[in-house]
Amino acid sequence: MSRKRVAVLISGRGSNMAALIEAAKDKSYPAEIVLVLSNKADAGGLVTARDNGIATEIVDHTQFGKDRVAFDAAMQSKLEAHRVDLVCLAGFMRLLSPGFVDLWQNRMLNIHPALLPAFKGLDTHARALTEGAKIHGATVHFVVPEMDAGPIIMQGAVAVRPDDTEAALAARVLAVEHRIYPSALKLVAEGRVRVVDGRCLIDGVAVPDAAALVPSA
Ligand code: GRF
């Protein structure tokens, strides 16, 4: 079976992108990273991508003013030019237009640093600490027009420690992100994930909670 052609969309340091690139170095991995696209020319992850010999493209959102549809269309033409099958958002800090999201229905993944549907949006680790959450983590999900929603493919959990700082908690969650994103993309690239009634079935079954959790290291 040919490997799926994946674009990773980033806005910043790109550590999740790097985890996907590392996983895809294994020739038996069912996806290859063919493009890293950023809305920011100074995104640190672009350097990592280039160092790994991966094509990069920049679509600068500031060139499009408030016109999200035109920005998304410019990204779409890059994705088509690179014959992309699947898109992974990895710290990509732009809201996407519903039309663009529809084009990639069940073919665009995102990673969010919280156990969705808890703590959508920004500052998830600080909010988890403030709210006294005992369990926190990360979620890989398919992208739908609503932000940080969409069928959950995989989650990984960490215990919140009584003396945790935002930075310490963020670092443990990030380590989980780097494990679950390649695992989730693998399942999708192998065609093992199907969305039925807004939920992901893996190999035809709803994944039980215990199996979906990746314990913290
Ligand atoms: C990660 O925490 C990811 O979950 C969130 O943005 C952060 C990006 O980090 N969406 P990186 O650029 O992958 O290092």
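Phe64 is partly exposed, at 25% relative accessibility. Its ring pairs with that of Phe71 in an edge-to-face arrangement. This is a predicted model. The structure holds one aromatic pair, seven salt bridges and zero disulfides.

**Aromatic pair**

- The structure's one aromatic pair joins Phe64 and Phe71.
- The ring centres of Phe64 and Phe71 lie 5.8 Å apart.
- The ring planes of Phe64 and Phe71 meet at 65°, so the pair counts as edge-to-face; the cut-off for that class is over 60 degrees.
- Phe71 is buried, with a relative accessible area of 3%, whereas Phe64 is partly exposed at 25%.

**Cysteines**

- A search of the whole structure turns up zero disulfides.
- A disulfide needs the two sulfur atoms within 2.5 Å.
- Seen from Cys200, the closest cysteine sulfur is that of Cys88, again at 13 Å.
- Cys88 is buried, with a relative accessible area of 0%.
- Cys200 is buried too, with a relative accessible area of 9%.

- Glu57 and Lys78 join their side chains in a salt bridge, at 3.4 Å from N to O.
- This pair links distant parts of the chain, 21 residues apart.
- Glu57 sits in strand β3, residues 56–58.
- Lys78 sits in helix α3, residues 68–81.
- Glu57 is partly exposed, at 21% relative accessibility.
- Lys78 is partly exposed as well, at 26%.

**Salt bridge of Lys25 and Glu22**

- The side chains of Lys25 and Glu22 form a salt bridge, with N and O 2.7 Å apart.
- Lys25 has a relative accessibility of 45% and counts as partly exposed.
- Glu22 is also partly exposed, with a relative accessible area of 47%.

**Salt-bridge network**

- Which residues are linked in a network of salt bridges? They are Lys186, Glu190, Arg192 and Asp203.
- Within this group, Glu190 forms a salt bridge with Arg192, and their closest N and O atoms are 3.0 Å apart.
- Glu190 is partly exposed, at 25% relative accessibility.
- Arg192 is partly exposed, at 30% relative accessibility.

Methods: Residues are numbered from 1 along each chain as its sequence is written. This is a predicted model: local features need pLDDT of at least 70, side-chain atom pairs count only at pLDDT 80 or more; totals for chains, interfaces and linings use all residues. Side-chain values use heavy atoms; hydrogens and water are left out. Buried means under 20% relative accessible area, exposed over 50%, partly exposed in between (1.4 Å probe, protein chains only). Rings of Phe, Tyr and Trp (its six-membered ring) pair if their centres lie within 6.5 Å; planes under 30 degrees apart count as stacked, over 60 as edge-to-face and the rest as tilted. A salt bridge is a side-chain nitrogen of Lys or Arg within 4 Å of a carboxyl oxygen of Asp or Glu. Helices (H or I, at least four residues) and strands (E, at least two) are DSSP runs, numbered from the N terminus.
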